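This report describes selected helices and their packing. The sequence and the structure are shown first, and the description follows.

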Protein chains: 2
Amino acid sequence: MVRMPESRPYHHGDLRAALLATAERTLRDRGAGALSLRELAREIGVSHAAPGRHFKDKQALLDALALTGFERLAGALESADDPGLPLEPRLAGLAKAYLGFAVENAALLELMFTRKHDPDASAQLAASVDRSVGSFLRLVADAQARGEIVAGDPERITLVAAASLHGLAAFAANGSVPAEQALAGLDEHVHHLLHGLKPR
Amino acid sequence: MVRMPESRPYHHGDLRAALLATAERTLRDRGAGALSLRELAREIGVSHAAPGRHFKDKQALLDALALTGFERLAGALESADDPGLPLEPRLAGLAKAYLGFAVENAALLELMFTRKHDPDASAQLAASVDRSVGSFLRLVADAQARGEIVAGDPERITLVAAASLHGLAAFAANGSVPAEQALAGLDEHVHHLLHGLKPR
DNA sequence: ACCTGAACACCGTTCAAGT
DNA sequence: ACCTGAACACCGTTCAAGT
């Protein structure tokens, strides 16, 4: 919790961080549709024009929120990756981290993967996306080097893996598949991704 | 183009259909953020309160839009399915239809897979989703009967296939992957889905 | 440098009244 | 049955002015 002084100073101190934190809580509790700059300002106790100092418009706030999401996701994937593990459990670990993030941050995940318009934010976002993809890319490259994954452009193979996991994460995040069901079937999902749907 | 009479009658005739059609064009041209009931009414030439007769609120309009999307997608998948084909080209055909729909209706696809709130719309939507999933489910069941797809709960296997294709479709729709690249690599994607990422 | 208060042009939704 | 016009309570954004 944030300390709430009796009499608020004229300058907030770190309004930018407060806006992002409050916005993410609203996103989690009431969804993206409930996000309003004026309400955010009201909750923080600042004038409705104050957010304009830190974000040039509402989209800039949403872009910043998406960026923090990708940074946290990248961190979670890097923490979850254990390069010493055999291929299948190593991939299952990454998959679990991704799906876990999706379930815990469903509304944020939607925002992260929504079509962006502002080209300013795109550069930073792209870098952050690359960092997340990097964990999968390293796993694929390592496994290819050991002959445990089929040869071919590692970016392409990574896309196949990422699409499979992102599809499941999106289904879990939007409620198409219950979160528990997605998590319970995750190891089997990863197995099918590695071994294919055709019998061996 | 719609015929525009010099003097508009008091009753529009089919305002509901006009709202849906105009909304979808706006969605396609300018994205979901640009959708406003008042602007829709203005474009159609009706008072701003008129949409309220046909949709209880904005979310109801969005739900109806999503429903038409799923109906069209289901139709496209059914048209694309050729049960006489061998497994891999048959699945590739369905995949191409899905990805084609995603690329041609990117903003609508996002709307279709966004978290819905209104439980009224959910029942109809669920039926429409089931119809779309049905094409994949039949393919899986047929292939399992021939021993061409691994045994196991067909719903689960279908989820693995659907997640893989939906992930790719979502990446193509939101611009993470260029549409041409996704389409160009589709056959290979389907091959990896069926044969797995591990060497055989 | 950071924030306020007023102003502007928009929204979605409701509801009596009109046709 | 369907639509209008006014009203209400909200928005996002801008900008002079305050601290």
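## Helices H1 and H2 of chain B

The crossing of H1(B) and H2(B) is right-handed; a crossing is left-handed if the near helix is turned anticlockwise from the far one by less than a right angle, and right-handed if clockwise. On the H1(B) side, the contact (heavy atoms within 4.5 Å) is made by B:Leu15, B:Ala18, B:Leu19, B:Thr22, B:Ala23, B:Arg25, B:Thr26 and B:Arg30. H2(B) contributes B:Glu39, B:Leu40, B:Glu43 and B:Ile44. By class, these residues are six nonpolar, two polar and four charged, where Ala, Val, Leu, Ile, Met, Phe, Trp, Tyr, Cys and Pro count as nonpolar, Asp, Glu, Lys and Arg as charged, and the others, Gly among them, as polar.

The two helices pack at an angle of about 115°, and their axes are 10 Å apart. H1(B) is therefore roughly perpendicular to H2(B). Angles under 35 degrees count as roughly parallel, over 145 as roughly antiparallel, 65 to 115 as roughly perpendicular and the rest as oblique. Axes are lines fitted to C-alpha atoms, for helices over the stretch in contact, and angles run from 0 to 180 degrees between N-to-C directions.

## Basis of the model

This is a predicted model, in which local features need pLDDT of at least 70 and side-chain atom pairs count only at pLDDT 80 or more, while totals for chains, interfaces and linings use all residues. Residues are numbered from 1 along each chain as its sequence is written, chains are lettered from A and ligands numbered from 1 in the order in which they are written, and side-chain values use heavy atoms, with hydrogens and water left out.

H1(B) covers residues 15-30, and its 16 residues reach 21 Å from the first C-alpha to the last, close to the 22 Å expected at 1.5 Å a residue. The expected span is 1.5 Å times one less than the number of residues. Helices (H or I, at least four residues) and strands (E, at least two) are DSSP runs, numbered from the N terminus. Among the buried residues of H1(B) are B:Leu15, B:Leu19, B:Glu24 and B:Leu27; buried means under 20% relative accessible area, exposed over 50%, partly exposed in between (1.4 Å probe, protein chains only). Their cover includes H2, H3, H4 and H6 of chain B. Just after H1(B), B:Gly31 takes a positive phi of about 85°.

B:Ala60 is found in helix H4 of chain B and is buried, with a relative accessible area of 17%. Its C-alpha atom is separated by 9.0 Å from that of B:Asp120, 60 residues apart along the chain.

Chain A has ten helices and zero strands. Its C-alpha trace spans about 70 × 30 × 30 Å along the principal axes, and buried residues make up 48% of its 200 residues.

H5(A) and H8(A) pack at an angle of about 30°, with axes 9 Å apart, and are therefore roughly parallel to each other. Their crossing is right-handed. The contact includes A:Leu91, A:Ala95 and A:Tyr98 of H5(A) and A:Leu165, A:His166 and A:Leu168 of H8(A). Its residues divide into eleven nonpolar, one polar and no charged. Among the buried residues of H5(A) are A:Arg90, A:Leu94 and A:Phe101, and what covers the buried residues of H5(A) includes H4, H6, H7, H8, H9 and H10 of chain A.
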